[in-house]
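Here is a short report for a reader new to this structure. It starts with the ligands and then turns to the helices.

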Amino acid sequence: MIQPLYSNSLSLLTDLYQLTMAYGYWKSGTAEKEAVFNLYFRKHPFQGGFTIACGLSGVIDFLNAFSFSENDLEYLRSLTGSDHRPLFEPAFLDYLRDLRFAGELEAVPEGTAVFPNEPLIRVRGPILQCQLLETSLLTIVNFQSLIATKAARMRLAARNDTLLEFGLRRAQGIDGGITASRAAYIGGCDATSNVLAGKLYGIPVRGTHAHSWVMSFDDELAAFEAYTAAMPNNVTLLVDTYDSLQGVKNAIEVGKTLKDKGYQLNGIRLDSGDLAYLSIEARKLLDQAGFPETSIVGSNDLDEYLVSSLKEQGARIDIWGIGTKLVTAYDQPALGGVYKLAAIRDPAGSWEYKLKLSEQAIKISTPGIQQVRRYSNEHGFMADMIFNEETPPTGSTTMIDPYDFTRQRQFSESTAYEDLLVPVFRKGQLVYDTPAIDSVRNRVQQQLAQFHPTIKRFINPHAYPVGLEHQLHELKTALIFGLRQK
Ligand SMILES: Nc1ncnc2c1ncn2[C@@H]1O[C@H](COP(=O)(O)OP(=O)(O)OP(=O)(O)O)[C@@H](O)[C@H]1O
Ligand SMILES: O=P(O)(O)OC[C@H]1O[C@H](OP(=O)(O)OP(=O)(O)O)[C@H](O)[C@@H]1O
Ligand SMILES: O=C(O)c1cccnc1
């Protein structure tokens with residue numbers, strides 16, 4: 001049975017300042033003011049050209065369970081300020097006791113390829129509630145999107161080979177291990193060695209055996225024989241404990257016995273040495289001995305660059321076991337997703353648009369109730385345009401590059417498009433049918449197939465065009481001018 005990982009309330013999984021701001025809104029009587037926040041990132045991880053959105057299912061579990069238990073409230077009651085008096089007054093804790101998410105949440109479906117500055121999630125509702133969600137939503141979405149993206153890169157490198165995720169032992173703690181396995185599967189891995197992730201999410205589990213198995217016997221052949229005898233229907237033998245090519249010969253020996261018993265030697269695993277040379281030689285030995293169906297698993301500190309290089313070198317590896325560099329996103333340990341206020345409803349009922357200024361253009365936020373329109377033609381996706389739902393594009397539309405307004409694109413009314421953000425919560429009620437994990441995983445590959453190969457290359461990828469619809473561009477420019485003049 002698939003179980004939600006965050007089925008217990010994790011409302012205290014946040015930074016203290018979210019609670020102190022919530023208290024501030026409550027004290028000043030502005031808690032119920034309607035606000036809109038966007039969750040987005042500014043730069044692709046791994047110097048890549050795309051990012052895979054992942055984590056929405058965790059966000060849904062988190063919000064469904066969102067409430068402050070008596071135990072949570074007791075803890076908050078114990079917190080004190082610099083004068084040693086309670087930080088929060090009892091009436092605020094009573095308010096938190098009854099608090100449930102009552103707002104609207106739109107999100108890009110998991111498995112969608114996304115780009116800098118596009119909202120992956122948009123939250124609208126009483127400002128106190130929206131504010132309280134910032135840290136938790138970022139915690140869930142940043143990590144899973146990072147790992148799904150890393151796995152999608154591994155998938156590009158491995159092409160049609162099998163990809164196994166072996167990372168649990170090197171993962172960043174328990175939740176890091178479990179959610180990394182989920183995100184890695186979504187991003188393109190075929191299976192995980194992580195049994196709990198297999199149970200929780202319905203991910204296929206696979207594995208071989210460790211060096212310790214071989215070392216616990218007097219010799220390698222005896223170890224292989226005992227393993228095959230124990231489990232003849234699941235035999236992939238690790239051959240590199242002493243001498244890899246001698247190990248392949250020993251595996252062939254037990255493979256012959258397996259065959260006589262009506263089973264097969266599924267694979268051998270190489271975990272050290274020159275994986276190109278050894279896999280080529282191992283392939284020859286296996287083929288000559290009548291084991292063309294036996295797969296060769298390669299592992300040992302692999303990443304997408306090594307997999308690409310090994311394939312270029314003609315390595316005969318069919319199955320890639322990847323751990324540390326995948327689940328820790330080794331070369332970029334965090335996705336810099338942020339959650340920014342974009343609009344507040346004023347007392348008269350109109351939207352007051354909000355923007356965060358910065359000396360760096362990339363850090364200036366975008367105002368508005370944002371939606372992303374993805375335009376496509378017969379070759380695939382062409383460009384993404386962010387617009388304000390309060391002033392939607394009509395007829396033919398101009399999209400403007402936010403960093404160079406002279407770069408503009410025109411889309412006619414008949415250009416095909418899809419709006420990426422879909423309703424997930426309405427008035428606090430879940431209105432979204434969470435897709436099965438396999439359909440999310442397929443979506444990643446369907447999405448990536450629609451982009452030009454230059455966006456998917458590892459070195460200096462082409463930047464996919466993302467711009468602002470012209471009315472939103474004008475709104476943003478006017479706000480920047482207004483704030484700079486203040
Ligand atoms: N043909 C190859 N081209 C490029 N890198 C390779 C090749 N073969 C293996 N590697 C990678 O080189 C790195 C180091 O492997 P190396 O053989 O030096 O040590 P090792 O085999 O890991 O030794 P150990 O027994 O300690 O595991 C690993 O990341 C491995 O995946
Ligand atoms: O290399 P990774 O991509 O992280 O894949 C997982 C590794 O975990 C196992 O060995 P472990 O690292 O525990 O020991 P070893 O390095 O001595 O083989 C396995 O043999 C892999 O090499
Ligand atoms: O099953 C395996 O071969 C495996 C599992 C975890 C880590 N390394 C290898």
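Residue classes come first: Ala, Val, Leu, Ile, Met, Phe, Trp, Tyr, Cys and Pro count as nonpolar, Asp, Glu, Lys and Arg as charged, and the others, Gly among them, as polar. This is a predicted model, in which local features need pLDDT of at least 70, side-chain atom pairs count only at pLDDT 80 or more, and totals for chains, interfaces and linings use all residues. Residues are numbered from 1 along each chain as its sequence is written, while chains are lettered from A and ligands numbered from 1 in the order in which they are written.

**The ligand shells**

A residue belongs to a shell if its C-beta atom, placed from the backbone, lies within 6 Å of the molecule. Around ligand 3 sit Phe166, Ser193, Gly207, Thr208, Ser299, Gly321 and Gly323. Around ligand 1 are Ser272, Gly273, Asp274, Leu275, Ala276, Asn300, Asp301, Leu302, Leu306, Ser309, Leu310 and Gln313. Two elements give two or more residues to the ligand 1 shell: helix H11 (275-288) and helix H12 (304-312). H12 supplies the largest share, three residues. Helices (H or I, at least four residues) and strands (E, at least two) are DSSP runs, numbered from the N terminus.

| Shell | Nonpolar | Polar | Charged |
|---|---|---|---|
| Ligand 3 | one residue | six residues | no residues |

**Helix H6**

Buried residues in H6 include Thr179, Arg182, Tyr185 and Gly187. Buried means that 20 or more other C-beta atoms lie within 10 Å of the residue's own, all placed from the backbone. After H6 comes Gly188, with a positive phi near 145°.

**H9 against H10**

Helix H9 (residues 220-230) and helix H10 (residues 244-260) have axes that come within 9 Å and cross at roughly 35°. H9 contributes Glu220, Leu221, Phe224, Glu225 and Thr228 to the contact, and H10 contributes Gly247, Asn250, Ala251, Glu253, Val254 and Leu258. By class, this contact has five nonpolar, three polar and three charged residues. Residues are in contact if their C-beta atoms, placed from the backbone, lie within 7 Å. The axes are lines fitted to C-alpha atoms over the stretch in contact, and angles run from 0 to 180 degrees between N-to-C directions.

**The whole chain**

The protein chain has 16 helices and 21 strands. Its C-alpha atoms fill a box of roughly 85 × 55 × 35 Å, taken along the principal axes. Of its 486 residues, 44% are buried.

Note on methods
A residue is buried if 20 or more other C-beta atoms lie within 10 Å of its own, exposed if 12 or fewer, and partly exposed in between; C-beta atoms are placed from the backbone. Two residues are in contact if their C-beta atoms, placed from the backbone, lie within 7 Å.
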